[in-house]
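Biologist: Here is a model I would like to go through with you. Let us take the chain contacts, then a helix pair.

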Amino acid sequence: MVEERACLPELRERIRRIERPTLAVHGVLPFGVDEIDRVLPGGGLTQGALHEILGVGGDEEDGALAAAFAAGILGRLAGTGEGTVLWCLSRPDLYGPGLAAHGLDPARLVLVRAPRDSEILWAMEEGLRATGIAAVVGEVGALTAVASRRLQLAAERSGITAFLLRRWRDGGQAMRERNLPNAAVTRWRIAALPSQPPPIPSPASGGGNGWGTGVGRPRWRVELLRCRGGEPACWEVEEADATGHVSLAAALADRPAAPVSAEGFRRAG
Amino acid sequence: MPLADALSFHPALATAAAEPTEDAAALRRLAEWCRRYSPWTAPDGTDGVRVEITGSAHLWGGETALAADLAARLDRRHLASRIAIADTVGAAWAMARFAEGKSLVILPSGDCRAALSPLPVEALRLDPATAQGLRRVGLKRVGDLAAMPRDALTRRFGEMVARRLDQAQGDLPEPLSPLGEAPTRRVRLSFAEPIADPADLMRATERLVEDLVPRLAREGIGARRLDLAFHRIDGRVEQIRLGTARPSRDPRHLAALFKERLDTVDPGLGIEDVILAVFAVEPLSAEQIGFPGHPTSCETSGIAPLLDRLGNRLGLAALSRLEPRASHIPERASVLVPVGSAHSRTPVAQAPDKPPRPIRLFEPQEAVEAFWLLPDDPPFRFTWRRRRHRVTRADGPERIADEWWRPEGCGTVDAIRDYYRVEDEEGRRFWLFRSGFHGGNQPPRWFVHGVFS
C-alpha cells in the first residue's frame, strides 16, 4: 500500500509527459509546512501555473486576506529578492508596510491600474509573456473559462507563476462567479478566524469594560478547494510573517490536517 | 452690404453661410498636411499657412521644385493658392497676398527691400485703420514709408508701422510659434503610389524606425515620445502618438509599439506620406540594448518593453510603484510614484516596534456609523458598507497627529486621529480611527482606513 502511494506521483508525471510532451517543468515552491506540502502534488505550489485565491464574506470585496496570502508566497517565490512582480488591479489600495509585513518587498512591485477586468486580464497575459518578471498578480472580478485558459497556457510557456485574486464588486457578482469553473491549477479560499487572545492582555485594550481583549496573532483558515492532481484540504494557520511563511496554528500543530472530501467542498461552494 | 441688397443687384449670386470655426479647423488640417514639406508649420490668420522651409527645401530639389510640388498638389485638391517664398515671414506674407498677377513668387535671398517697395502699405500686416491713415497722408507704397523718418512715423501712427516694416525687411527678428511642438528628429517616407494595405503600412513603419534608429544611436540618445503621422491623399493626417517608459532605440521594440496601434489608422483612399517624428529624447548609453535572440542580463531593461506595451494601451499614468516615505501619517508613508521616475533609494527608517499596519489602505478613508461607550473606547459596533460588525477584540488607541510643519496639513479636521485595530465576530480585522474629541466643536467621527489580513 505504501509503495503504491509512493509511485503515484511518478505515474502522474508520466501521464503528463504523454499528454503534453513539450511542457517544461518549472518546479514547485514548498510552503515549508509538512501538512500542506504533503497534499500538494510535487510537494509544493506549482510554479509556472495559474493559482486562484478567494476570500470569504465581506472580504470577497476587499481582498485583504487573498492579498496577504499571495504576498507571503510572492515574497518566497524569488527568494533572492530579484525580479519584478506585476500586480494588476483596478483600485490601487495596496499598502506597502502591510505587504512588507507579509514578506513581499513593495519595491519589487509594479502596479498596473486598469478600470476593466478585460484590461487587467490583458495586462496579466502581457506580463506572463515578458522577461524579467518573477510573478504576475491580477485582481479580477469577472473571469471567463477562456481567459483563465489563456493565462494558464501563457504561464506554462514562460514559467512565470500567476495569481488570480478574485475580488467582486458586490454580493451579487460574488454569487454568480464564485463557483464557475476555470483553468487555474489550484483554487484557495482564505478566511479570517478569530485571533487567539494573547496570554497577557495589553493594558491599552480597553480591558476594563468587559467586552474583550486585545487582538492576538491573526489566524486564517486556508482551504484548498481544488487542486489539479491533488486532494482538497483545509488547514488552520497563523498568518504569513515577514519571511512570507505561514505556520500551523498552535492548537492544531499536533494533529494531522484532516483531508476533507471533495464532495463536501462542492456542496459548500 | 446686406444679402438682400446684393441679391437684388445680382439675382444669380451664389451664397453660402460663413462658418468661421469650420474654416479655422480646415486651415489647421491644411497646416498639418503641410508638414510633409517641413516639421514647422502653422496656420496664419484666417487665410494662410506658414511653412518654415529653411533646411528642408533641398530635400525637394530646391525652393522652386518645392513650391511647384505644393502648388500642383493644392491644385489637384481644387484649392486656389498663392505661394510666396521669401527671407522673412513679413515679406512672404506680403508677396503671397499683394504680388501683382502672379500666384507663385520666389524672392531670391536679400531681395526683400526691392521687392516690397512697390507694394501697397496694407502688405505690411497693419490694421485697416492705420493703413487708411497712412494713405490719407499720401504714404501709399511700402517704399514711401521706408524713406520717412522713423520718429515721425512712430509719433503719428504708433510703433507698429516701423516694427512691421523692419520685420518684413529682415531688420528685426520675428519670434514665431509653430503648430504644436516641433520635433527634434524626423524621418519621412513618400510613396509614388498611395498605399492602404495594413501590411504595407506595417512595412513602412518598420522602414522608418530602421531609418531613425541609427541616427539615435549615433547621438547616444533614446526616444521618449514619438509621433507617427500618415498623410492621406485626401489631405487628412492620421497620427499615432507614443510614449516610452524609458528612452529606447530598439528598432524591434519601437516597431512593435507602433504595430499595436496601426489598426487605429484609417488609410482612407490611400496614404502618400508617412512621417516619424521624435519629440523627446534622453541620453541612452550603448550597453543597455541586448543582442537579438539573447535575453538581456540587465533586469531593468528586461521589463521596459513590457511597461511600454502596458503604458501605451492603459496610459503611462496607470503604471506605478509603491515607494516608502519617511512619514508617520499612514497615507503618506507609502505613496504611488510613476514607474518612469528614478528610484529614490534612500532607506526609510521605520520604528521597529510600530503596531501592525493593514495590507489594504483606503484612500480616502470611508466614514462609518459607530457606537461606543466611553470617550476613549473603540466602538463596540459599527456599520460599514451596509454591513454591521460587532467588535469582539480591539487594540489601541494609537494616536497619530498631523504633521504640523506642513502648510497643507495644518488645522484640518483630522489633525489628530486615534487609531484602533478591531476584530469582529467573524475574525475580520479593521483599522478604524476616530477624528475629533469629545467636547470639541464637532462630535467625533469614525472612519475605516484599512483592512488587515
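Biologist: Which strand of chain B is joined to strand 5 of chain A?

Modeller: This is a predicted model, so read every contact as predicted. Strand 5 of chain A spans residues 109-113. Two bridges join this strand to its partner, and the two run antiparallel. The partner in chain B is strand 9.

Biologist: Which residue of strand 9 of chain B stands opposite Val112(A)?

Modeller: Val112(A) has its counterpart in strand 9 of chain B. That residue is Leu319(B).

Biologist: Which element of chain B gives the most to the side that touches chain A?

Modeller: In total, 46 residues of chain B are in contact with 51 residues of chain A. Several elements of chain B each supply at least two residues to that side, among them strand 9 (319-324), strand 11 (360-371) and strand 13 (387-401). The top contribution is seven residues, and it comes from helix 12.

Biologist: Is helix 4 of chain B roughly parallel or roughly perpendicular to helix 9 of chain B?

Modeller: Helix 4 (residues 89-98) and helix 9 (residues 159-169) of chain B have axes 5 Å apart. Their packing angle is about 90°. Angles of 65 to 115 degrees count as roughly perpendicular. Therefore helix 4 of chain B is, relative to helix 9 of chain B, roughly perpendicular.

Biologist: Which residues of helix 9 of chain B make the contact with helix 4 of chain B?

Modeller: Helix 4 of chain B brings Gly90(B), Ala91(B) and Ala94(B). By class, the contact has three nonpolar, two polar and one charged residues. From helix 9 of chain B come Arg164(B), Gln167(B) and Ala168(B).

How values were computed
Residues numbered from 1 in each chain as written. Chains lettered and ligands numbered in written order. Predicted model: local features only at pLDDT ≥ 70, side-chain atom pairs only at ≥ 80, totals over all residues. Contact = placed C-beta atoms within 7 Å. Helix = DSSP H or I, 4+ residues; strand = E, 2+ residues; numbered from the N terminus. Pairing = 2+ DSSP bridges. Axes fitted to C-alpha atoms, helices over the stretch in contact; angles between N-to-C directions. Parallel < 35°, antiparallel > 145°, perpendicular 65-115°, else oblique. Nonpolar A, V, L, I, M, F, W, Y, C, P; charged D, E, K, R; others polar.
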